[in-house]
Amino acid sequence: MPQRAPEAIADLCHFDQAQKEKLLKSIEVMTDKGLRVLGAARSLFKKTGLPDVQHDFIFEFVGLFGFVDPVRETVPLSIAEAHEAGIRVIMITGDYPGTAVHIAKQIGLKNPQEYITGQELGSLNQMELMERIKTVNVFARVLPEQKLAIVNAFKANGEVVAMTGDGVNDAPALKAANIGIAMGERGTDVAREASDLVLLNDDFSSIVHAVRLGRRIFDNLKKAMSYIFAVHVPIAGMSILPVLFKLPIVLLPAHIAFLELIIDPACSTVFESDPEEKNIMKRPPRNLGDPLFNKKAFILSLMQGMSILMAVFLVFIIALYLKKGELESRTLAFATLVFANIMLIVTNLSWSQGIFKIIRNANKPLWTVVAATLTALMLVLYVPFLRNLFHFSFLSAEDLAITLFGGIISLLWFEGLKALNRKEGKR
């Protein structure tokens with residue numbers, strides 16, 4: 001008993017035009033309910049010599065089978081999240097348009113009523129297809145080889161295309177897409193080999209979760225790079241400026257090593273462990289041509305570094321002017337730089353949230369780094385052996401408060417800028 005597409009069954013049963021129209025009406029009724037439809041026919045053959053082709057058998061039409069392929073509960077929410085993130089979702093299926101439209105409505109695709117069939121797709125040239133797909137999100141009765149044409153048309157429109165598939169015939173489209181995503185559970189080996197990613201659970205929500213994770217990693221890398229650039233501006237400046245102005249040396253090799261022991265764990269643990277921003281899935285996708293460390297990040301990081309440099313150098317100059325002496329002036333400048341470094345780490349954990357909110361939601365590695373830094377600073381300031389080793393002097397509580405104030409105030413402008421951006425965003 002052959003079971004296949006109803007049109008093929010109608011051909012095997014040698015339907016006339018009236019029978020075909022009746023069959024199509026029945027199919028339309030079933031597909032409008034969201035059913036996937038197969039046709040069934042049977043043939044009895046008692047002769048010894050078989051016909052050359054299957055079409056020559058005398059088939060009797062049995063009927064249509066309609067079955068429901070339920071949508072996973074996670075799919076509508078994931079598609080809504082993808083839309084909010086500026087990701088366009090389209091559906092390519094071999095099902096009838098009625099079934100495709102019904103499912104598109106269920107899962108929340110945009111503009112579900114408009115669709116292109118495989119037959120129509122075959123009649124469109126490249127330019128016509130590129131224009132039609134700008135608004136159409138449902139492709140029904142599509143042949144496997146037509147998926148490649150759809151992928152190429154989207155790419156020709158400048159879109160970044162992620163394609164999912166599981167069959168052998170999906171391999172060309174998976175390979176042509178910017179990101180090919182194969183089904184790991186039911187996907188063929190050919191599809192997996194042609195893809196860039198393989199899903200372990202064959203769930204669309206996994207793709208959206210991967211986008212969320214990718215955006216978080218991208219954000220954290222950008223924050224870490226901005227921090228690295230910003231923190232080395234005052235280090236370089238305080239190494240060069242005293243030489244240029246013929247002042248006592250501020251940063252000795254041991255001091256730079258001390259600072260690097262703060263910088264390295266901050267980059268490798270604090271920024272890496274930073275949770276995602278709340279608006280991470282409400283941003284439009286970034287342009288692929290934009291660099292990781294773009295012009296805006298460069299300017300903001302440079303301004304952060306320069307403001308810290310100004311604060312530290314000002315503390316150093318004032319200390320020298322007040323006749324504090326070389327050791328005490330160096331100590332005040334170094335402590336200011338350390339506090340400013342901590343402030344820089346904290347404020348760069350989010351370029352949108354305020355510092356108090358960052359502290360309230362801070363990850364554990366941040367507190368570990370801050371605690372270790374403050375402990376080490378207290379040791380080099382108040383343990384005589386270490387103080388002499390670092391060429392520091394004893395700081396009073398008043399001096400320590402001044403350095404803390406200098407470190408914090410050096411980056412208050414950035415917190416003001418974030419508050420202004422938040423206010424503009426609400427407007």
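Okay, let's start with a term: a salt bridge is a side-chain nitrogen of Lys or Arg within 4 Å of a carboxyl oxygen of Asp or Glu. Before I use it, a word on the model: it's predicted, so to speak of a local feature we need pLDDT of at least 70, side-chain atom pairs count only at pLDDT 80 or more, and totals for chains, interfaces and linings use all residues. Residues are numbered from 1 along each chain as its sequence is written, and side-chain values use heavy atoms, with hydrogens and water left out.

How many salt bridges does a search of the whole structure find? It finds 19. Side chains of opposite charge can pair when their charged atoms come close.

Let's look at Asp219 and Arg283: their closest N and O atoms are 2.7 Å apart. Asp219 is in helix 10 (residues 204–244), while Arg283 is in the loop between helix 11 (253–270) and helix 12 (295–321), so this pair links distant parts of the chain, 64 residues apart. By the way, helices (H or I, at least four residues) and strands (E, at least two) are DSSP runs, numbered from the N terminus.

Is Asp219 buried or exposed? Buried means under 20% relative accessible area, exposed means over 50%, and partly exposed is in between, using a 1.4 Å probe and protein chains only. Asp219 counts as buried because its relative accessibility is 11%. Arg283, at 26%, counts as partly exposed.

Next up, Glu60 and Arg42, with closest N and O atoms 3.3 Å apart in their salt bridge.

Arg186 sits in the loop between strand 8 (179–183) and helix 9 (189–194), and Asp166 in the loop between strand 7 (162–165) and helix 8 (171–176), so the pair ties together parts that are 20 residues apart in sequence. Arg186 counts as exposed at 51%, whereas Asp166 is partly exposed at 25%.

Salt bridges can also join up: Arg36, Asp69 and Asp95 are linked in a network of them.

One last stop is Ser393, in the loop between helix 16 (384–389) and helix 17 (397–409). Ser393 counts as buried, at 15% relative accessibility, and its side chain reaches the backbone nitrogen of Glu328 at 3.4 Å.

How values were computed:
Polar contact = N/O pair within 3.5 Å; in protein donor to acceptor, adjacent residues only side chain to side chain.
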